[in-house]
Amino acid sequence: MGIEQYLISSPQKYSEIQQKAFEVIIANLSEKVSDNVSLDMDFNSIGLNSITFIKTIVALECEFDFEFDDEMLLITKFPTVKSMVEYVESKTTTNFENA
Amino acid sequence: MLLKSDLKKHSKLNCHDSMIQTIADYFALDVRLYFLDAFGFEYRRRNDNQALESAYIWHKSGEKGHSLLRDYCGLNIDIFKRSLLNSLIMQQIKDSIYNGNPVGVEMDLQYIPWNNLSLHEYRTHYFSIFGYTENNAVCVDNYLTGQMHYYNIDSIVKHANSLYFFKNENQNVHKASDAPFSLILNQLYSDPKYHQMMQLFINDISQTTLHTYDKDSLVELANDEIIYGITNIVWGRIHFQQSLDMLFEFGYRVPISEGSVIDISETWDKIKGLYIKLAYVKDKTSILNRVLALLHIIHEQESHIRNILTNNSMNLKIDTILND
């Protein structure tokens with residue numbers, strides 16, 4: 001289930017940043033699982049290992065022009081896809097406010 | 001009987017130790033003593049000219065600990081190496097399983113059909129067999145998938161590097177809590193060259209990484225010995241913490257603050273993340289400097305814990321446990 005389908009089952013609105021972040025994450029997954037990912041899934045269950053996890057982080061950094069804190073380079077810091085999407089939004093908003 | 005509900009992905013263990021833990025869970029054996037040596041650190045260059053490209057790090061848990069598993073954890077392992085795998089071995093696998101004793105398999109990843117890693121060849125892997133049908137073995141791989149898989153027994157015998165025949169001998173052995181103090185110390189302090197190896201490792205990272213580390217292929221990264229090694233170190237530290245907790249349960253006083261080894265494992269994990277990141281970013285110098293800063297912190301923290309263990313080694317044994 002992609003974010004569009006997820007939205008149907010959830011009353012919560014998702015911002016443009018969250019949707020873009022979700023797309024970047026999906027783009028870094030293998031084709032086998034990328035059609036079946038929802039925001040509440042954990043990264044292990046969607047086939048992200050430590051290497052593809054960091055690759056995804058770097059892709060998000062390039063897309064949104066910020067850097068993940070080193071403390072957040074642990075896969076355990078993000079229990080779900082949603083938690084990473086929210087982290088990206090929080091960092092992006094902070095960057096915007098500081099600009 | 002192994003229930004599907006017993007399957008779980010041991011994501012905090014390497015594949016060998018995941019196999020051991022799976023079998024231990026099946027027999028309801030406590031194998032934490034086996035992980036007391038998981039605070040080790042080894043760094044070797046296979047070839048000085050190649051430096052980091054062939055670096056090697058490993059925690060100490062492995063085949064060396066099998067006698068300890070037998071004598072104090074109740075898990076006996078008979079290993080049949082490749083040269084001993086003859087036509088009779090297939091029947092032996094079936095007999096063992098029929099008698100309730102799972103069989104472990106050491107095999108190169110390239111022959112494993114359920115291999116979901118980007119790495120497909122030239123790395124040893126371990127899994128276990130818990131049952132069989134007419135032609136297939138029912139395999140459990142709690143490292144890669146946490147699921148059961150069917151695999152033709154002929155192919156297993158053909159491709160296996162070795163087979164591990166496990167037996168539960170819990171009735172015939174000492175309790176882990178009766179392990180002699182000397183054995184515990186021996187497990188704890190098995191890497192006297194720690195400082196030397198750590199300094200060499202940090203030096204090599206600082207000297208060669210920028211020149212040699214320019215990879216963008218996932219397979220190359222997955223083959224990287226440093227990443228693989230650090231992953232093992234992270235696992236090792238987590239299991240060392242659990243083993244320390246076991247010493248507390250046995251009545252030993254270990255003056256190490258709760259969770260400090262877990263903090264160290266997280267720092268190693270952070271180093272791994274930054275090291276992988278080096279492959280994807282343009283500004284490598286900034287990332288490398290952070291890796292080096294964390295390595296120096298780790299070196300200090302681990303040395304501190306080693307000093308505590310060494311200096312207090314004669315005082316660890318207390319209360320109800322007698323000197324051996």
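Leaving aside its neighbours within four places in sequence, with which residues is B:Val31 in contact? They are B:Ile20, B:Gln21, B:Ala24, B:Leu69, B:Cys73 and B:Leu75, where two residues are in contact if their C-beta atoms, placed from the backbone, lie within 7 Å.

This is a predicted model, in which local features need pLDDT of at least 70 and side-chain atom pairs count only at pLDDT 80 or more, while totals for chains, interfaces and linings use all residues. Residues are numbered from 1 along each chain as its sequence is written, and chains are lettered from A in the order in which they are written.

B:Val31 belongs to the largest nonpolar core, which has 86 residues. A nonpolar core is a set of buried Ala, Val, Leu, Ile, Met, Phe, Trp, Tyr and Cys residues joined through C-beta atoms within 7 Å; a residue is buried if 20 or more other C-beta atoms lie within 10 Å of its own, exposed if 12 or fewer, and partly exposed in between. B:Val31, B:Leu33, B:Cys73, B:Leu75, B:Val105, B:Ile230 and B:Tyr275 touch the most other members of this core. Helix H8 (residues 225–250) of chain B gives the most to it, with 9 residues. Helices (H or I, at least four residues) and strands (E, at least two) are DSSP runs, numbered from the N terminus. Because domain 1 (4–30 + 75–168) and domain 2 (178–315) of chain B both give residues to the core, it lies between them; these bounds come from an automatic or database domain assignment.

The contact between the chains takes 17 residues from chain B and 10 residues from chain A. On the chain B side, H9(B) supplies the largest share, 8 residues.

Chain A contains 5 helices and 0 strands. Of its 99 residues, 26% are buried. The mean pLDDT of chain A is 80, pLDDT being the predictor's confidence in each residue, from 0 to 100. Among the elements of chain A, helix H1 (residues 3–9) has the lowest mean pLDDT (48) and helix H4 (residues 50–64) the highest (92).
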